[in-house]
Amino acid sequence: MEGLIAERLTGITEQRAVIEQAKGMLMLIHDIDADQAFELLKWRSQDTNTKLRPLAEQLVAEFRQLSGNALLPSKEVFERRLMTIHQRVDKSKDLATEG
């Protein structure tokens, strides 16, 4: 029983971590607070009918790719990615996390 609880707690923590990372990236690029960043992430999720965690995972991955040369991506480049991020989310992750 304790193992199951620990396993579920680890999963929840990992899910939250990627969402917090995505929020941090949005805060940095858009100069907004944590609540506004979450609302922006939630809006993109709802507007595109994409689960929040896979959307956040894709956003984090693309941010890292864009800033690989140690420079932050411009707000315009990041914004274009944000508005189309749902198109690159692996939808099979949505199905794997349902249950």
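What share of the 99 residues of the chain counts as buried? The answer is 32%, where buried stands for under 20% relative accessible area, exposed for over 50% and partly exposed for what lies in between, with a 1.4 Å probe and protein chains only.

Before going further, a word on the model. It is predicted, so local features need pLDDT of at least 70 and side-chain atom pairs count only at pLDDT 80 or more, while totals for chains, interfaces and linings use all residues. Residues are numbered from 1 along each chain as its sequence is written, and side-chain values use heavy atoms, with hydrogens and water left out.

**The chain as a whole**

The secondary structure comprises five helices and zero strands, and the order from the N terminus is α-α-α-α-α. Helices here are DSSP runs of H or I with at least four residues, strands are runs of E with at least two, and both are numbered from the N terminus. Of the contacts between residues at least 6 apart in sequence, 60% join residues at least 24 apart, contact meaning heavy atoms within 4.5 Å.

Axes are lines fitted to C-alpha atoms, for helices over the stretch in contact, and angles run from 0 to 180 degrees between N-to-C directions.

| Pair | Angle between axes | Axis distance |
|---|---|---|
| H1 (residues 2–30) and H3 (residues 52–66) | about 55° | 8 Å |
| H2 and H3 | roughly 110° | within 9 Å |
| H3 and H4 (residues 75–84) | roughly 150° | within 11 Å |

To put words to such angles, those under 35 degrees count as roughly parallel, those over 145 as roughly antiparallel, those from 65 to 115 as roughly perpendicular and the rest as oblique. H1 and H3 pack at an angle of about 55°, which makes H1 oblique to H3. Their crossing is left-handed, a term for a near helix turned anticlockwise from the far one by less than a right angle, with right-handed used if the turn is clockwise. On the H1 side the contact includes Gln15, Val18, Ile19 and Ala22, and on the H3 side Leu52, Arg53, Ala56 and Glu57 are among the residues that take part. The residues of this contact are twelve nonpolar, two polar and three charged. In this count Ala, Val, Leu, Ile, Met, Phe, Trp, Tyr, Cys and Pro are nonpolar, Asp, Glu, Lys and Arg are charged, and the others, Gly among them, are polar.

H2 and H3 are roughly perpendicular to each other, and their crossing is right-handed. Phe38, Leu41, Lys42, Arg44 and Ser45 of H2 meet Leu52, Leu55, Ala56 and Leu59 of H3. Six nonpolar, one polar and two charged residues make up this contact.

H3 and H4, in turn, are roughly antiparallel to each other, again with a right-handed crossing. Leu59, Glu62, Phe63, Gln65 and Leu66 of H3 touch Val77, Phe78, Arg81 and Leu82 of H4.

**A few residues to look at**

Ser45 is in helix H2 (residues 34–47). Is Ser45 buried or exposed? Its relative accessibility is 9%, so Ser45 counts as buried. Apart from neighbours within four places in sequence, Ser45 is in contact with Thr50, Lys51, Leu52 and Leu55.

Leu40 also lies in helix H2, and at 18% relative accessibility Leu40 counts as buried. Leu40 touches Leu26, His30, Ile32 and Leu82, with residues up to four places away in sequence not counted. The C-alpha atoms of Leu40 and Leu82 are 9.7 Å apart, although 42 residues separate the two in sequence.

Gln58 belongs to helix H3. Leaving out residues up to four places away in sequence, Gln58 touches Ile85, Arg88 and Val89. From Gln58 to Asp90 the C-alpha distance is 8.4 Å, across 32 residues of sequence.

**Two loop residues with positive phi**

Most residues other than glycine have a negative phi. Asp31, not a glycine, has a positive phi of about 55°; Asp31 sits in the loop between H1 and H2 and, at 72% relative accessibility, counts as exposed. Asn49 has a positive phi near 55° and is found in the loop between H2 and H3. With 68% relative accessibility, Asn49 counts as exposed.
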